[in-house]
Every structure is written in C-alpha cells, then in structure tokens.
There are 4 protein chains.
Amino acid sequence: MGKLSFASDYMEGAHEAILSRLQTNNYIKMAGYGTDPLTESAREKIRTACGCPNADVFFLTGGTQTNAAVIGALLRPYEGVLSAISGHIYTHEAGAVESGGHKVLLLPEYLGKISAGDIQDTIEQYEVDENRDHLVRPGMVYISQPTEFGALYSLSELRDISRVCRKKRIPLYVDGARLAYALACPENNVTLQDLAELCDVFYIGGTKCGALFGEAVVVPQRGFIPHFVTVMKQHGALLAKGWLLGLQFDTLFTNGLYQEIGRPAIAAANRIRNALRETGFQLAYDNPTNQVFPVLENKKMAKLAEAVDFCFWEKYDYEQSIIRLAASWATTDADTDRLIAVLKQLQQG
Amino acid sequence: MGKLSFASDYMEGAHEAILSRLQTNNYIKMAGYGTDPLTESAREKIRTACGCPNADVFFLTGGTQTNAAVIGALLRPYEGVLSAISGHIYTHEAGAVESGGHKVLLLPEYLGKISAGDIQDTIEQYEVDENRDHLVRPGMVYISQPTEFGALYSLSELRDISRVCRKKRIPLYVDGARLAYALACPENNVTLQDLAELCDVFYIGGTKCGALFGEAVVVPQRGFIPHFVTVMKQHGALLAKGWLLGLQFDTLFTNGLYQEIGRPAIAAANRIRNALRETGFQLAYDNPTNQVFPVLENKKMAKLAEAVDFCFWEKYDYEQSIIRLAASWATTDADTDRLIAVLKQLQQG
Amino acid sequence: MGKLSFASDYMEGAHEAILSRLQTNNYIKMAGYGTDPLTESAREKIRTACGCPNADVFFLTGGTQTNAAVIGALLRPYEGVLSAISGHIYTHEAGAVESGGHKVLLLPEYLGKISAGDIQDTIEQYEVDENRDHLVRPGMVYISQPTEFGALYSLSELRDISRVCRKKRIPLYVDGARLAYALACPENNVTLQDLAELCDVFYIGGTKCGALFGEAVVVPQRGFIPHFVTVMKQHGALLAKGWLLGLQFDTLFTNGLYQEIGRPAIAAANRIRNALRETGFQLAYDNPTNQVFPVLENKKMAKLAEAVDFCFWEKYDYEQSIIRLAASWATTDADTDRLIAVLKQLQQG
Amino acid sequence: MGKLSFASDYMEGAHEAILSRLQTNNYIKMAGYGTDPLTESAREKIRTACGCPNADVFFLTGGTQTNAAVIGALLRPYEGVLSAISGHIYTHEAGAVESGGHKVLLLPEYLGKISAGDIQDTIEQYEVDENRDHLVRPGMVYISQPTEFGALYSLSELRDISRVCRKKRIPLYVDGARLAYALACPENNVTLQDLAELCDVFYIGGTKCGALFGEAVVVPQRGFIPHFVTVMKQHGALLAKGWLLGLQFDTLFTNGLYQEIGRPAIAAANRIRNALRETGFQLAYDNPTNQVFPVLENKKMAKLAEAVDFCFWEKYDYEQSIIRLAASWATTDADTDRLIAVLKQLQQG
C-alpha cells in the first residue's frame, strides 16, 4: 500500500479492456498511420455517438499536440485564438500556439469560462478599430469542457457562444481533455451530440479518461479542415502505429464505456468535497467534476503532503494555499476513504 | 492465416515483455511527464549501454516529432540542417523542419549516405561566399543509421564525419529510427558507444524496433540542449504518461534485448535477398539490413501484390519498378518461407 | 493652409539636411546592403555618441521590423519576452513577435513603465515553479523609452532593471522609436551613453525623429547577436540600398543633430499641455515628452475633429474619451498657436 | 571619375523626378501606412497601366520582404511553393520562406525558367502519391520575370504556366524585381496587362528600376489575399510613411516612365554583349536584358577587377569563371564606353 495519490487524473494506465485487446492484437499486422480497420471502426463508433455520420475523426497522442495542430490548421497567419486567461493553451503548453505563429487573445473568465457576450464585444471592437490592420484578428474561439477549474458550460451557455461564432463566422473549438468527467456528471447537460452540433471542432480526451494515451478530434462537417493528416504529420502528431489509438477509442466507444468511465471519479470527488465541507474546509472553486480545490493553511498543506500526493495550485493569501485533489476513472473507494480520513484528521489537528 | 505482409517494420505491436509489464504496472500511480522511476531506470540503462554516464536521455513518441524537436532545439534562426537528398526530414515528414523555420541544405549521397568531404566542402564554400549573409548557414548535420536505403555508415566513415563536424563546431545528429537493425547486423561496426562518442545527439528508435511506440534521444554531453523538456512540450512531444515510454525502453535495455531484437529481421532479409538473387531478380540497392529493394517488371509487381503487401518505392524505368520488402523484429520464419515461395513462383511465371 | 494635424509624429518627410544629401549623392554608386562608406561613417558616429567604440550598429527600415528581428535573434525557441501590457510589441504589431514563434509575457505597468521588482519576481516565480518545463521561460526584457504613454524611465529605474537582467542573465532591449523626444526633454536623465552601458540592445528611432525612415540598432558588446545581418535578411529587413539609411543616420549624428532634433516637439507639447490645463482640460496621463493625452467629452471631441486631425486613444468613460495630440520635430509654432486657439475656443463652447 | 562599376543595378539613388517630388512634398503632412492620397494615386495609375481597375495594390520596401509576405499569405501550413532551383527565394533570401514555415519545392530549369509541363507533372505526381499525406503539397508557383539569368518568359510560355496553375487551382506569383528591364526589351512580348491577366499576384520592382526603394504588389482580383495589410505589418513590411512609396510609384507610373526607364540599361547591355562577342569572349547565358554573363579566364578576371567592379557569379571550370556585369536605368554611355574599352584591352592582353 504505497503513498496515497490524488495528484492528477493521468497517473494510472488504461481500462482493462484496452490492455486486453492490446494483448490479443499484438501480432496482427496493421496498416500504418491510421489507415487500419480498427481505427476506421473507432471513427465510425465516434460518429454514431456524436450523431454526425459525416464527421471527420482524427486521433492524436496528447492534448498540447492536439491543440497546436488544430489551432494551427484553423487560423490564418494574421489571426489569433480567443481564450480564457486560464486557458491551458495560454498557461501550460510552453507557448506551443505562439511557437506555431499565433497569438492567444485573452478574455475575462469566471471559473475558467468565457461568455458569449465578451466574445462578441471583442470581435466587434476589433471590427471598428481604426488600427485593426495593426491588430491580430480574432480568428477562432477556444474553450474547455470542463474548464481548468473543473467548471462546466451549460447547454444554454454553449449555444450562446456557438451562435456568436457562427454569426461572426469564426470556428468554435472545444478542448475535451477531461470530457468523460463532464459526461459522467449529473449536473452536465451538454452531450456529445450537442458538441457536434454546436462546435466546429472538438476533441474527446483519452489520456485522462481511461486510455493509455490519445485524443480523438471530431470535425462534424467533413472537410472543414483540409489536409489535416498532413498538418498532423508536420506537427509530429501522426502515430506510425495509429491502430494503437484506434484500438483504444474503439474500446472506449463500445457499449457506451466512455460515457460511463468517469463516474467513479465524480463519485469520489463528490465524497471528497462533502467531507471537506463537513470538516470545515473552504473550497476555492466550486465545481461538479473530478477535481477538488480546497483552501488549506500552509502548515496543514505541508502536513497533508506527508500522507498524500496532490497538486499545489496557487497561493490563496500569505498563510493559505489552494491545492488540487484529482480523482480519476481508476480511483478506488478504498483510496477515497483513506483520503477522507486523512483530511478529517488534519482538520482535527 | 491472413495475407502475407512485408509492407513495413512498424506493423506489429510490441515485444511480449513490454506488454506483460504494461499489465503489471497498470494501476501503479506514476508521476507524469517522465519524472517517474521507470523512466529514470530506462535512462540509466541507456547511459550504461552507451557508455556515457552523464548523458541526458529524453523519450518522445515518434520519429518525425523527434527530428523536428531536436533540429529545432539545435539550430539558430539563421541556420539550416545538412542532409542527404533522400533524408527522411527532407522527403517524408511533411515539411516539419521547414514548418519549424529551418531550411534543409541538400548534399549528394550514395545509398542515402553523405560524405565527410562533401560536408566540409559545403561549409567551407559557405565560409568564403561573399554573399554568405544572404545564405542559410550550415548549422548541423543530419544522418540516418541505417539510411533510407538500408545502408550503414562504417565506423571510419562516421569518424570522418564527426571530425569535420567538430572542426567546424556544428552538431552531428543521427536518426536511429531503425537502429536495432543496424546493431543486429554482422556487417555493422558502429556500436552505441561509438555513437555516443562521435555524435552530439542521436536517437534510438523504438517504434520500429520492438516498442509499441517511442524513441529515445541521447545527448552524450549533459546540458548540450538546454531546456529540451520545454522544447518537447512546445512540440507536443511530452507524453503525459511518460512512464509508458520509460517502461518500454527499460524493457528493451534489460539484458541487452535492444541489441538482439533486430536479429530475426536481418536473418529474414538475408534469406529474402538470397532467394531473390538465386531466382534472378535484381536488387536496386544492396544493403545488409532489414529492408530489401528488388526490381520487378510491373506485371510481376501487380501479381505479387495479390499475395503480399509491400511498399512501392519508385519507378525503375517504364517497365520495371523498385519495391521494398521490410522484415521486422516480429517476422516469423513461416512468413519468410511463404514469401520466398511466392517470389520463386513469380519468377517461374 | 490645410487642416491642422497633430495626428502623429511620422507625418512629415525628413530634416532638410537629409534631403539635400540625397540629392548630392544620387548618382554616386554605392555598394549594397550597408557595406558602403556612408553607412560605416554613420556607425562610427553612433558609436562615438554612445561612448562604445566596439558596438555593432545595424540599420533597419521600421520599428515593428526591428523589434521582430531583434527579439527573434535574442530568444531561444523556449523563451518569451517580458513586456508591459501596453508594449507596442503586444498591442500594435499585428502579432509579429508571436508570428516569429515567441510569447509576450505580460507585466503590470504604470504609464507604460515596468519595474525591476516585477521583472525579478516574475523570473524568480518561474525559477521555482514545479511546472516550469511547461512554461515559456522569461528570456529577455523589452521596454520603450519613452513609453507608449510618453513617460520616461529615470536613470535610476533603468539601472535597477539592468541590474536584475544581468543578475538573471537575460538581455535588456530598449525600443527607442521616439528616443529623440526623450533626449530633448529637460526631465530626462538617461543619455545614449547610459543606454549603451545598461542595455544589451537598443534602437535609436529615425522614422519618427527626422529621418524619412529607418532605425539604428545598437549592440554595445560586439558580437552579442551573431549573424544578425542574416537574421535581418531573413526578416526582409536588409535594405538593398543600405546607404540610404547610412546617409540619414550619418546626417542625424553629425554635430549632435539627433540630440537636438526633438526640441521643437517638446516645446510644442509643453505649450499644449499648459494650454489644456489652463483651459480646464484633464490630462489622462502626465508625461514630459512629445505626446499629449487630454480627456475630452465626446461632443467636444467630435467638434475638435472638424478642425484638427488627432488620434483617438481610448474611451475614458461613457461620455468622455482620451485622445492623443502628437508634436514632431517639424511642428511649427504657427500650428501650435492655431491648435491652442482651437482648444480654447472648444472649452469656451 | 571613380572606379567603374557594373556590380549591380541597385547602386544609384532614384530618378530625378522622384527626388524632386520628395523635396516638394517634404512638409505636407500625410496620413500613415499607405492611407494617403499619393499612395492612392499610385495605386490607380498602376491599375490603369495593368488594365485591371479592380486590382488590389500594396507597396513594400524590398524584394525578399515582398516574397516572404506574399508567399506566407498565399500558402496554407501544409503547402510549399514550386520554384526553379535558381529561384531567388531558394538561393539568396537567407531562408526567409522556410523561416515562415514553408518548403520550397524545386523544379528543373533552363536559364532560370521552369516549364508548364514540369509544374503539371510535379502536381500530378503528388496527387497520385500513396504517401501524399506525408508530403508538402504544391501550393503555388513562383517565377521571376526576368529570371536570375536575365532570361524572359515568352507570352506563350507564361500562358501555358498560367493554364496549368488555374487547372490545378494554385496561384501563380511573378517576382518582377527587374520587371522594368523586361518591359524595356524589344524581345519581350509580355506586358503588364498580360501579367495582370495571367498571374494571381505579381510585383513591380522599384528598388532596381529607378526608385530609391520599393516594390508594388499587384493582386488583379480584389480580395484574393485577405487582410494583406495585416500580413505586411506582421512581416515588418508596412512602412509608417507609406506615402514615400506612393510618391515614388506615382512618379514611375506617370507618363509611362516605368515602361521606358529600363531602356538605357538594355542599350548598354546590348552594347556590352556585342563588344564581348566581337572581342571573342564567351557568354555563359544568353539573354536580352540588363545583365551580362561573360566567361573569363581567372587571370583576366583578376585584371578586370582592378578597373571595374562586377559580381562574381560562379566557377565555370578550374581556370575560368562566370561574372555578371549589370547595367541600370542610370548607366551612362560614357561608362559603357569605358567598360568596353577595358574589355577590349583585356582581350588584347
């Protein structure tokens, strides 16, 4: 029984069904670069799940890679991407978007969410700016579901954003690195079909949601991103053994596994949130998904670190910090029990 | 018993020891991004195998990604990379190097190999060119071992190239996508230690050599590429579950597995080459590694395609073509027997 | 007598001495790309004026070009440039820095100035961040003298910033697009020699300061930017007839012309500021240089626009706006008189 | 009477009418960035001269800058530009195109000219390549009129190239750095109207053709390059005092000056070519424009260098070299006489 860890949701391997199929398929020779039947089957299952039979579906190996490739493919040189200040592309991707030649245009946010109104205002301000030739043109919108703070866009919020994007003719792109945890949430009312209807591109996260690695990019309108396989290759994002990704997503989209796989994480996170509240801890950000953000006195944080791995988020004030406890699809009740016990003890001193 | 395939060396999964460890380690929580103990163990074993205890070792997921990240990290904006015309970076990586802002400077070649003399001449011609401020400066050398045509640099050839590079103070980088097939060759006299001594950066290929995916970048002189993890992140090349790469290379570098794993491929390729010669086929390029390049009349090529998957290489003349038959670490004697039988029958008409 | 214009400081041609020499030199054949004797003479005069006899001096045609070339040459791919939020590179250069692959890292500001303390804090926060491999490294500091709001760094402030940069071993770069207007200010205590001593690179603006066009990049420590002429060529910033730039800067640095040329602008701006204050207008930003930023009721702004060209700066509130009135080296007393008369009339209604 | 120079065609200043207008306009305040009436007048005159009243016309300061901006604006990330191996963008622009992320795709050439057939074959080979997802897509065609060797495309050759480009739906771009010297040639049968009809973008060179500096980009189909002013700004190619470019091109396109201005250069070059032939020199490349390429024994080349500045082109063999003698719009009969005398003396030994 090692040290307890709620440091992240990408610390375990993969769902057992995936490992098992890897074993079975190991010596079957598969065509390269995603041209194999496993990958085609995965594409088809994702199209069905999203209710868009004509969608293009592409598989990449990680989130930063996916964001850089999609954004680089959608923007023209004179355009930038609108994002919340806390957007992962702005904060923790080592400048991959800028490295590809594009500016991230910042919008105010609440719990990582941006609003249709702010998007519209920003675009319209650009449109009337006398110096707009000297400005980066807002060329697309990037949002995450859930956000970096674990919050969810409601269907109505997403519809508003989509409406503005279509009115202004710029693509809407949704980063779904943790999408399974949104889908597993009772509070969530945005389905895969909604995403397919309202977005121009979105990705279904695998790395944090039961796959060894991998993200599935869905482009509901076939051909919307021309030559995206070449763009992927250029980004070093075209896996030689693409069937590894096909196999994983084919498994995740068999019998609705993906829609269910986040449930244990949500259950665990809810138990942890409740326990924190009951024992008198403050939550820095309220959210219904798999990440929990308590505020701790620095001394208690140090003490907690002896028993549990977690992620330091940021300073709350001089004497307190915000930390993140992340549950995953693989989090066990036993580990959650142990964590809650530790937290209670911590509070009781 | 499906259709016979010698289309490539990346069509099967991974060595069984790797699959088995994936199963065992699946629920052990591992720190992210290559900071886990499995990855550290793999680094240490590679350092030992290369005889360079201070080397930096980094793990990436594919070859194009690795080339783009390393070349982007080594060059300054005003510099380009010297490469054979057939170099993979010039021909089949969708312009990833140029996409990163750098020109590929072309050198003549023989079987994919470039010479120390041509490298030196090119650099010295640049040095005396009156317009050199208008030219891209030769900033590093890229070679592959084996080359795209399966040829091998001898130790003496590699020493000569290394000497020129050091004299001219530009890095030498070796793409080892198929390095296991060089190491398994009796004709090869370049060891991992030699590479570590003579190159500034090289990568040990996993994807085509027994891993599910992955390449190990070795930088013999610690710190030679500053902040390379950030460069990897920026390139979308930093795997969240880096331990997947660590586990694979740790396995490949246990008990000398990597040095042995290419042997079945070499044996199969030699048997195929012999059978081709005996039955009167011409070999377009002679080489001692796992790829075989026969010249076939187009009619025979079409017939062969009914029984075997292979790779069309290029037109030889109006009536004949060059094809590639690739054996891999997983090629079975039975498949080689079947292929040879098909080839004999093809020649007898 | 056309419409009065205080819209900008780049609306007239060049100092008469420049035009006169253009005429004289027109048919003298000059070597290309800045290798001519006029350019060498200009370099030498700038070295003398800056008190750094070993400086590298380069001439480019415009500010955005200069910033992009210098920043692209100084940063490594994993690095970004620290700048005030109002920094010209962040706001009005169409994303040229990002287009070159680099992120602009934002710092808080006062009147466009950033502080040594904030620079140091940002770098030290980066240094201790557990996820710093996922962050863009602060790789240089960009400031403007004067700032976008016309404010000046004092010698002591500049010394503090320089000290932090040297301690942290990152270059300090000063954008001197309007440097002549700083040098002509009685309030200014930062000389060209101070800039040469405290910065790693700075540019002396010509376009807005008496030249037809052109900026002179000074690199006090010879060789600090290797192969910068190639970088310039790559940026399309190497003028074929480089002697046009040499001629202009040679003229501007003969008999201290550059240090004097801004005086009429400062005198005019001071008169305008006084008149505004006297007639009861508010100044949005106080500064001692050639740009004046009054706050106007929107109705009065509309009325002013009938008589004078100026630059709308930004909304102050729902009913008032900030505008910019810019004086230049060529502003005449007569025009200033007329402007003041118009402003007085506007206030009296 | 200084040393004779035929080193290049960008060594003198500008046509006198330009200098004179610079003087006259010096204190007239002009709006920035090409929004002034002089620039609009120049645009209108160029539209008229090209017979395309709806054309977009943009002014930039130099050729490398223009090529990089146009090519960067026309290509998508997965595309490259087809060019002759001797194309200026491939050889002497310091990798500016690659720096912008794009590969130059090489075509065989004769005297710097590429053929419609080779363009078509290259595109069709790409279209059927099984691995085309791993290749850079041919996205546009770049040619020069005249070429680097001074040769001219005939109208029929240009029509063929244009037909292929339109059939394959990729833009045709013509670099006209020395276009005035083509237009002044009796052998030339391609007019400005033809260029406007057959190309998607072309530029009319000013720097080498009577302007101090500047190139005029013509886009016959309005809106074909969206947001090009922003692209220019991003490339540092948007001159603050854009009216300087407007004034120059307005002058060059008044009373057909541009179409005539190259005549003295053609006359001089023809006299030099004849003198060379008469005195027994070989011409390395035959062409009818302003550049002359004799083959000289190295000893004679050294001797010539004492009396005349010229441009070393390349080695012809061990004992001979090719040099370039360039005449310009400002070349005088007296200088041509002197050069011819020197050449005759050289041959007589």
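**Between the domains**

I started inside chain A: 17 residues of domain 1 of chain A are in contact with 11 residues of domain 2 of chain A, where contact means that the C-beta atoms, placed from the backbone, lie within 7 Å. Helix H8 (residues 179-183) of chain A gives the largest share of domain 1's side, 4 residues; helices here are DSSP runs (H or I, at least four residues), numbered from the N terminus. I sorted that side of domain 1 into 12 nonpolar, 2 polar and 3 charged residues, with Ala, Val, Leu, Ile, Met, Phe, Trp, Tyr, Cys and Pro as nonpolar, Asp, Glu, Lys and Arg as charged, and the others, Gly among them, as polar.

For the bounds, I have domain 1 at 16-260 and domain 2 at 262-348 of chain A, from an automatic or database domain assignment. Their C-alpha centres lie 29 Å apart.

**Ground rules**

I keep in mind that this is a predicted model: local features need pLDDT of at least 70, side-chain atom pairs count only at pLDDT 80 or more, and totals for chains, interfaces and linings use all residues. Residues are numbered from 1 along each chain as its sequence is written, while chains are lettered from A and ligands numbered from 1 in the order in which they are written.

**Chain A against chain B**

Next I checked the chain pair: 40 residues of chain A are in contact with 40 residues of chain B. H1(A) gives the most to chain A's side, with 4 residues. That side divides into 17 nonpolar, 18 polar and 5 charged residues.

Definitions and conventions
Two residues are in contact if their C-beta atoms, placed from the backbone, lie within 7 Å. Helices (H or I, at least four residues) and strands (E, at least two) are DSSP runs, numbered from the N terminus.
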